[in-house]
Amino acid sequence: MSQPELKKSKTSVTKTITLLPGDHVGTEIVNEAVKVLKAIEANTPHQDIKFDFKNHLIGGAAIDATGSPLPDDSLTAAKSSDAVLLGAVGGPKWGTGSVRPEQGLLKIRKELNLYANLRPCNFTSDSLLELSPLKSEIVRGTDFTVVRELVGGIYFGEREEQEDSEDKESAWDT
Ligand SMILES: CC(C)[C@H](C(=O)O)[C@@H](O)C(=O)O
């Protein structure tokens, strides 16, 4: 005797995603990433995945709106979400004053302990080779990944400048 087929109900999951578009190209990048996530939402046959997007400020946009490159509510949202999508920060408008867009980036890296920075370097299409400042015959086939540590070592490590040292001769960086 055949068993009646059990109708599986889709499980439902909601993930909160903090969006920190930042400035300039950052906003474009995050918009495109959101499109990808929405396509995933619409195409999950076995699980009902929903993304709850929360928009917050970082970088120059945050300085303009609040005076701070990483306002507290942006950091709180990032800490309490399942994932963070950060675009890019900075631009000529914010210059080199004492409050700068990249301070927001450095702070969020430190606060969330975002130590692993993976930067793939390749050409997704040969049509991009001519856009490189290096000759295309030199860069064709480039394919490597830079692995960078972002919260310790020389990036955030303790340092002592020569002028501050007791003997005025030594300096160190960790
Ligand atoms: C803005 C700057 C502090 C930052 C860095 O050097 O870490 C950026 O250049 C990067 O590579 O993500």
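Guide: What follows is a walk around helix 4 (residues 101–111). This is a predicted model, in which local features need pLDDT of at least 70 and side-chain atom pairs count only at pLDDT 80 or more, while totals for chains, interfaces and linings use all residues. Residues are numbered from 1 along each chain as its sequence is written, and side-chain values use heavy atoms, with hydrogens and water left out.

Helices (H or I, at least four residues) and strands (E, at least two) are DSSP runs, numbered from the N terminus. In helix 4, the buried residues are P101, G104, L105, I108 and R109, where buried means under 20% relative accessible area, exposed over 50%, and partly exposed in between (1.4 Å probe, protein chains only). These residues cover an arc of only 130° around the axis, which puts them on the same side of helix 4; the arc is that of the directions from the helix axis to the C-beta atoms. Among the elements that cover them are strand 1 (11–22), helix 3 (72–79), strand 3 (83–88) and strand 4 (116–122), with contact meaning heavy atoms within 4.5 Å. Just after helix 4, N113 takes a positive phi of about 55°.

A pocket here is an open set of points on a 1 Å grid over the protein atoms alone, where a 1.4 Å probe fits, with protein on both sides within 12 Å along at least five of seven lines; lining residues have an atom within 4 Å of a point. The lining includes L105, I108 and R109, and the largest share of the lining, four residues, comes from strand 3. By class, nine lining residues are nonpolar, one is polar and one is charged, with Ala, Val, Leu, Ile, Met, Phe, Trp, Tyr, Cys and Pro counted as nonpolar, Asp, Glu, Lys and Arg as charged, and the others, Gly among them, as polar.
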